[in-house]
Amino acid sequence: MPRFFGFVRDQYTALPLPPTPADIAQQTFVVTGANTGLGFQCAQHLLGMGAGRVILGVRSVQKGEAALAAMRQATGRHEAGAGTVWELDLQSLDSVEKFSQRLATLDRLDALVANAGVVMTERQIVQGIELSLLVNVVATMLLALRTLPKLQASARKFNTTPRLVIVSSNSALESNMKGAVPSAGGVDVFDKLSEEDGFGTFSQYPKTKLLQIYAVRQLALLLPVATTAGGVVINAVSPGLCYTDLDRNASRPAKVVLAIMRKLLARTAEAGSRTLLQAAFAGPDSHGAYCSECRVKNEDVPAWITNASGKTTQERVWNDILKRLDAMGHGVDVAALAAPAPSARVV
Ligand SMILES: NC(=O)c1ccc[n+]([C@@H]2O[C@H](COP(=O)([O-])OP(=O)(O)OC[C@H]3O[C@@H](n4cnc5c(N)ncnc54)[C@H](OP(=O)(O)O)[C@@H]3O)[C@@H](O)[C@H]2O)c1
């Protein structure tokens with residue numbers, strides 16, 4: 001079936017609410033960008049399902065507290081500690097470090113849903129790179145990498161398999177994205193994609209989401225669930241087209257196009273959030289996978305991502321992420337994360 005018709009069919013498919021994990025009352029979840037949209041709905045569902053603790057990672061604590069108050073009202077979860085608001089601004093890598101240091105103090109962490117993201121329709125350079133590349137890719141991957149030790153430690157301590165979920169987008173898989181990420185010529189991926197030339201209203205965002213997919217695939221390859229210290233399931237999820245405020249920065253014409261598309265095809269944010277929950281509860285079969293429509297859906301990932309040349313691009317994207325983090329003073333020791341599982345792991 002041509003890709004567009006498949007997309008339309010999927011948008012009209014009712015999505016199930018995933019079954020609640022039996023031990024959810026003991027579990028701690030972090031959802032970034034939880035003050036609105038998909039993140040809000042995902043966090044609210046987790047509270048409503050009885051999660052032990054849900055941390056809302058938000059850039060405006062005020063907006064986060066207002067969102068939490070609404071969630072408490074809707075779910076009846078008024079007890080102190082069930083929901084907590086922590087500040088996180090993905091425009092600042094220092095803020096990511098601070099947030100991760102707070103996460104390190106938790107007794108346990110069962111899932112990070114890295115949901116926060118932006119669409120920029122005007123090119124803005126921040127700390128040397130285009131803003132949506134900084135927020136959606138560099139800062140999001142720094143958060144993922146800094147959170148992994150806590151997820152791994154929780155896996156060992158509680159004999160569980162925590163999840164690291166990156167919220168991506170099906171727009172990354174469109175055929176016009178083939179070749180969108182430079183794979184040859186020695187040019188740095190972030191320098192290239194930050195250039196004015198090539199920046200477009202509808203083209204920059206899917207590129208950031210494609211970089212996320214490459215990064216998830218590479219990270220999952222480097223950290224297999226079964227063999228690394230405290231296996232963590234790492235996956236990417238696409239929520240599909242949903243009614244949210246994601247296009248708040250868009251130009252007027254772009255907003256009109258998106259409004260028409262949404263009117264015809266979009267899911268509610270609540271329906272879209274079910275895909276985030278599925279990924280946050282998914283088993284090892286979702287490791288390195290692309291999830292959508294509340295299931296592992298690797299068949300949607302085109303061959304130009306998975307073939308030999310796609311793998312070369314993937315490695316290059318990964319190396320450029322690490323290089324960029326290093327250059328920005330936030331280097332990561334990935335080898336330490338990939339250390340073999342100690343035999344002491346409880347089975
Ligand atoms: N809606 C869709 O159709 C759709 C489709 C595919 C993928 N997605 C993905 O789903 C995720 C959630 O998007 P959404 O649709 O729910 O959009 P949204 O309603 O605009 O929510 C985005 C969230 O990200 C936060 N955020 C933005 N920049 C941030 C920063 N610098 N630091 C920390 N938080 C920041 C926002 O905070 P503020 O409220 O403070 O701005 C907001 O909480 C995104 O990753 C998006 O790419 C959405």
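**Exercise 1. Find which residues of helix 5 meet which residues of helix 11, then describe the packing.**

Step 1. Val137, Val138, Met141, Leu142 and Leu145 in helix 5 meet Trp318, Ile321, Leu322, Arg324 and Leu325 in helix 11. Contact means heavy atoms within 4.5 Å. Helices (H or I, at least four residues) and strands (E, at least two) are DSSP runs, numbered from the N terminus.

Step 2. Sort the residues by class. This contact has 9 nonpolar, no polar and 1 charged residues. Ala, Val, Leu, Ile, Met, Phe, Trp, Tyr, Cys and Pro count as nonpolar; Asp, Glu, Lys and Arg count as charged; the others, Gly among them, count as polar.

Step 3. Take the axes. Those of helix 5 and helix 11 come within 10 Å and cross at roughly 85 degrees. Axes are lines fitted to C-alpha atoms, for helices over the stretch in contact, and angles run from 0 to 180 degrees between N-to-C directions.

Step 4. Helix 5 and helix 11 are therefore roughly perpendicular to each other. Angles under 35 degrees count as roughly parallel, over 145 as roughly antiparallel, 65 to 115 as roughly perpendicular and the rest as oblique.

A note on the source: this is a predicted model, where local features need pLDDT of at least 70, side-chain atom pairs count only at pLDDT 80 or more, and totals for chains, interfaces and linings use all residues. Residues are numbered from 1 along each chain as its sequence is written, and side-chain values use heavy atoms, with hydrogens and water left out.

**Exercise 2. Describe how helix 7 and helix 11 cross.**

Step 1. Helix 7 spans residues 204-222 and helix 11 spans residues 308-327. Their axes come within 9 Å and cross at roughly 90 degrees.

Step 2. Helix 7 and helix 11 are therefore roughly perpendicular to each other.

Step 3. Residues of helix 7 in the contact include Leu211, Tyr214 and Arg217. Among those they meet in helix 11 are Thr313, Trp318 and Ile321.

**Exercise 3. Give the strand order of the open sheet and name its edge strands.**

Step 1. The open sheet has 8 strands in the order 3-2-1-4-7-8-9-10, with mixed pairing. Two strands pair if DSSP finds at least two bridges between them.

Step 2. Strand 3 (83-87) and strand 10 (295-296) are the edges; each pairs on one side only.

Step 3. Look at one pair. Strand 1 (residues 28-32) and strand 2 (residues 53-58) run parallel over 5 bridges. Val31 stands opposite Leu56 in strand 2.

Step 4. Helix 2 (residues 37-49) lies across strand 1, strand 2 and strand 3, at about 165 degrees to strand 1.
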